Amino acid sequence: NQGYQVGPARTCWAPSAWLMLPLLAIAHQTFVPSPTVRAHAPAALRAPVRSILVPATPAAAPLLTRGLQAMHVSVAAGALLAPAVADGFAAAAWGLFDSCAFTHDRMFEASLAVSCFVAFILFFESIHLVVDPRVYRLDGAAPKRPLRGFTTQWWKTVVPALTYLGSIYVYHELSLGQLLYGPPPADVLAHGPGVPTWGRVVTELSLGVFLYDALFYPFHLSFHKLRARRWRKMHARHHVWGSTEAAAHNAVETVQNSYLDAGVQVFINIFVQHLSPWGFKHPLSRALHNVMVVYLLCESHSGYDLPFMSHRLFPGLFGGPVAHEQHHQQGNVNFHQFFLWADRILGHTPTAEQNRKHREALAAVGAAQDSARQQQAAAEVVR
């Protein structure tokens, strides 16, 4: 850790570990079915959340959200009040990261992104085994064909992964990074990136996520608004599920894109990874950026409204899967992938009339699902 005293940091921050105990208790009450909470509410009783109808959530869910928000605030306050302690954590994380030989490989970031896609898609598509999907799915029903991307529809995961890794390999083989962005600064080449501060990691991570979403926004908008039919067609593949299925999305739909569509996002991400107020984005910040962006992408396509999601922890800032599911269902609203600010400025948030029609459509879907369940239950009783 190059002289950083990380021992006292463990002592100062150890009490934060005790915060996990009440949070685990809250999580247990949130996700474990309770006899006092109806597992499924009729369509007429579903409450709108940002203009999308979702089933009523257990009473403990907001408490879990508040607990997680309090943890974010406490970590931020601790870093501001004791910056040396926070820097010690950053130094320890960098020491561990730098000590791993594979993190120095040129394909590390691409491999990390693919690994995160696999992990987060698997997480969101199997979470129905732990939580009641009728309570937390945006359509109030069990997910449709979950985990197929790992079994009978394996090409949904394998083809995007191999295409992405192959493209990044060619990118490195042709030295496109050197041609487009030049070599790293001389001091970095001579002495390495150095130990980052907590402030630098947080700033570069936050700025990177914001710029990625902001720079892709005009491209995403053009995929829907431009009159060039061939250009719009490049994005149509990503909307196949929303145009053919009544059910909310599965996370594997995150990576169902045309090569051009995916390529635009990848090159924007590469560009953002070269931006930093320090003139050179630290490798630790770059790695965390990949993890965060992949998580937010998978979350927005998950089809869930869970208490730990971005739109719950930071309401009004992130749109989360609620806003993005509405984008896939309506097509002409909520063009942000993560945030909400540009849609509000440009007037691309749903109108009251759109919200009314959307609620009616979802209520009809919910009523049909309720009727189908009742008929199935009646048939089982007859048998």
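These questions and answers walk through a predicted model of a protein.

Q: How many helices and strands does the secondary structure of the protein come to?
A: The model is predicted. Its secondary structure holds both helices and strands. The count is 18 helices and 2 strands.

Q: What share of the residues of the protein count as buried?
A: Buried means under 20% relative accessible area. The protein has 383 residues. The share of them that count as buried is 45%.

Q: Among contacts between residues at least 6 apart in sequence, what share join residues at least 24 apart?
A: Take the contacts in the protein between residues at least 6 apart in sequence. Then keep those that join residues at least 24 apart. They make up 73%.

Q: Is helix H16 mostly covered or mostly open, and how many of its residues are buried?
A: Helix H16 runs over residues 320–330. Among its buried residues are Pro321, Val322 and Glu325. His324, His327 and His328 are buried too. H16 is mostly covered, and its buried residues number 9 of 11.

Q: Which glycine just after H16 takes a positive phi?
A: Helix H16 covers residues 320–330. Just after H16 comes a glycine with a phi of about 85°. That residue is glycine 331.

Q: Is serine 175 buried, partly exposed or exposed?
A: Serine 175 lies in the loop between helix H7 (155–173) and helix H8 (176–181). Its phi is positive, about 55°, although serine 175 is not a glycine. Most residues other than glycine have a negative phi. Because its relative accessibility is 36%, serine 175 counts as partly exposed.

Q: Why does asparagine 334 count as buried?
A: Asparagine 334 lies in the loop between H16 and helix H17 (341–346). Asparagine 334 also has a positive phi of about 55°, although it is not a glycine. Buried means under 20% relative accessible area. Asparagine 334 is buried because its relative accessible area is 6%.

Notes:
Residues numbered from 1 in each chain as written. Predicted model: local features only at pLDDT ≥ 70, side-chain atom pairs only at ≥ 80, totals over all residues. Heavy atoms only, no water. Helix = DSSP H or I, 4+ residues; strand = E, 2+ residues; numbered from the N terminus. Buried < 20%, exposed > 50% of the residue type's maximum accessible area, 1.4 Å probe, protein only. Contact = heavy atoms within 4.5 Å.
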